[in-house]
Amino acid sequence: MKNKIKKTIKIGKRLIGKGYPPFVIADVGINHEGSVKKAKRMIKDAYLAGAECVKFQCHIVKDEMVPIAKKIIPGHAKKSIWDIMEKCALSEKEERELKNYTEKLGMIYLNTPFSRAAAGRLHKMGVLAYKIGSGECNNYPLIKYIASFKKPVILSTGMNDINSIKKAVKILKDNKVPYALLQCTSMYPTPYDKVRLGALADLKNNFPGDIIGLSDHSVGNYTCLGAVALGASILEKHFTSSKKWPGPDIAISIDPKELKELVAGSGAIYQAL
């Protein structure tokens with residue numbers, strides 16, 4: 001029986017996969033609510049907590065949504081999705097400022113584009129890799145466009161089945177793009193019995209040798225720590241400097257103390273394995 005080739009992806013100088021500590025992504029997302037000052041505070045706090053990576057979301061609202069979005073209110077929010085994203089959208093200049101600030105601290109800057117215009121902006125900014133959210137897992141034209149940049153991709157798979165994930169993976173493979181797949185349940189917050197850590201095994205079985213991880217919206221760190229024991233090489237959690245701040249994703253975010261515990265705990269479980 002032939003030995004399986006150990007598969008890794010590389011983001012900057014960081015190798016991710018079997019044989020390397022879990023890669024923890026502190027997902028600032030839109031918790032800054034459009035404030036560069038708050039965004040920098042979260043970057044610094046993530047750095048002090050020991051995180052290697054912070055992630056944001058790139059929203060160019062008019063390219064991302066149709067007008068009906070002005071009337072759609074997410075279940076965990078009080079404003080329309082259009083109004084939320086319009087408030088949280090950063091300019092290219094602001095995003096470059098945050099990228100530079102992150103990299104000066106020696107951290108990896110990631111960003112999730114939600115449209116072609118956003119993906120193109122990030123390409124111009126010279127991002128090291130792309131994070132694609134669950135909502136775009138079956139947006140195959142966007143994935144094909146992102147794949148054309150030949151940068152590593154971390155793909156969340158919430159709301160998708162194996163067949164739809166396979167189509168996205170084929171695009172990445174056809175373009176020779178290194179990638180990782182994250183189990184995700186798109187509920188905010190996710191009840192523990194809906195996290196579905198067993199889906200990590202489904203991903204392993206259907207995509208043998210591929211790097212897997214967990215993008216988690218449950219409360220606290222428990223499920224992420226469990227995922228490490230099941231082979232997760234990437235852990236993504238929403239992050240905020242203070243749970244007292246306003247914002248639609250604050251309720252599912254961990255704070256600096258919890259982030260520090262996640263980095264230490266996931267590293268300890270990796271060593272124990």
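Student: Is E136 buried or exposed?

Tutor: First, a caution: this is a predicted model. Burial is read from relative accessible area, and under 20% counts as buried. E136 has a relative accessible area of 13%, so this residue is buried.

Student: Where does E136 lie?

Tutor: Look in the loop between strand 6 (130-132) and helix 6 (140-147).

Student: Which residues does E136 touch, leaving out those up to four places away in sequence?

Tutor: E136 touches F114, L142 and I143. E136 and N160 are 24 residues apart along the chain, and their C-alpha atoms are separated by 9.8 Å.

Student: Let me step back to the whole protein. How many helices and strands does the protein have?

Tutor: The secondary structure comes to 10 helices and 10 strands. The C-alpha trace spans about 55 × 40 × 40 Å along its principal axes.

Student: What does the radius of gyration say about the protein?

Tutor: Compare the value with that of a compact globule. For 273 residues, such a globule would have a radius of gyration near 19 Å. The protein has 17 Å, which agrees.

Student: What share of the residues is buried?

Tutor: Buried residues make up 53% of the 273.

Student: What part of the contacts with a separation of 6 or more joins residues 24 or more positions apart?

Tutor: Such residues account for 65% of those contacts. E95 gives you a case to inspect. E95 sits in helix 4 (residues 92-104). At 1% relative accessibility, E95 counts as buried. Beyond residues up to four places away in sequence, E95 touches Q57, C58, L90, Y109, N111, R121 and M125.

Student: Now the backbone. What is the general rule for phi and for peptide bonds?

Tutor: Most residues other than glycine have a negative phi, and most peptide bonds are trans. Now look for departures from that rule. K150 has a phi near 60 degrees, a positive value in a residue other than glycine. M159 is not a glycine either, yet its phi is positive, about 70 degrees.

Student: Where do I find K150 and M159?

Tutor: Both are in loops. K150 lies between helix 6 and strand 7 (153-156). K150 is partly exposed, with a relative accessible area of 47%. M159 lies between strand 7 and helix 7 (162-174). M159 counts as exposed at 66% relative accessibility.

Student: Which residues does a cis peptide bond join?

Tutor: Y188 and P189, with omega about -5 degrees. P189 is in the loop between strand 8 (179-184) and helix 8 (199-206).

Student: On to charge. How many positive and negative side chains are there?

Tutor: There are 44 positive and 25 negative side chains. The centres of the two sets lie 5 Å apart.

Student: Which side chain meets D27 in a salt bridge?

Tutor: K55 does, at 3.4 Å from N to O. This pair links distant parts of the chain. D27 is in strand 3 (residues 23-29) and K55 in strand 4 (residues 53-58), 28 residues apart. D27 counts as buried at 4% relative accessibility. K55 counts as buried at 3%.

Student: What parts does the K87 and E33 pair tie together?

Tutor: Their side chains meet in a salt bridge at 3.8 Å, N to O. K87 lies in helix 3 (residues 81-88), while E33 lies in the loop between strand 3 and helix 1 (36-48). The pair therefore ties together parts that are 54 residues apart in sequence. K87 counts as partly exposed at 42% relative accessibility. E33 counts as buried at 18%.

Student: How many residues apart are R41 and D45 in helix 1?

Tutor: They are 4 residues apart, so about one helical turn separates them. Their side chains form a salt bridge of 2.9 Å, N to O. R41 is partly exposed, with a relative accessible area of 42%. D45 is buried, with 14%.

Student: Which residues form one network of salt bridges that share partners?

Tutor: E92, R96 and K124 are joined in this way.

Methods: Residues numbered from 1 in each chain as written. Predicted model: local features only at pLDDT ≥ 70, side-chain atom pairs only at ≥ 80, totals over all residues. Heavy atoms only, no water. Helix = DSSP H or I, 4+ residues; strand = E, 2+ residues; numbered from the N terminus. Rg over C-alpha atoms; globule rule 2.2 N^0.38 Å. Buried < 20%, exposed > 50% of the residue type's maximum accessible area, 1.4 Å probe, protein only. Contact = heavy atoms within 4.5 Å. Lys, Arg positive; Asp, Glu negative; His and termini not counted. Charge placed at Lys NZ, Arg CZ, Asp CG, Glu CD. Salt bridge = Lys/Arg side-chain N within 4 Å of Asp/Glu carboxyl O.
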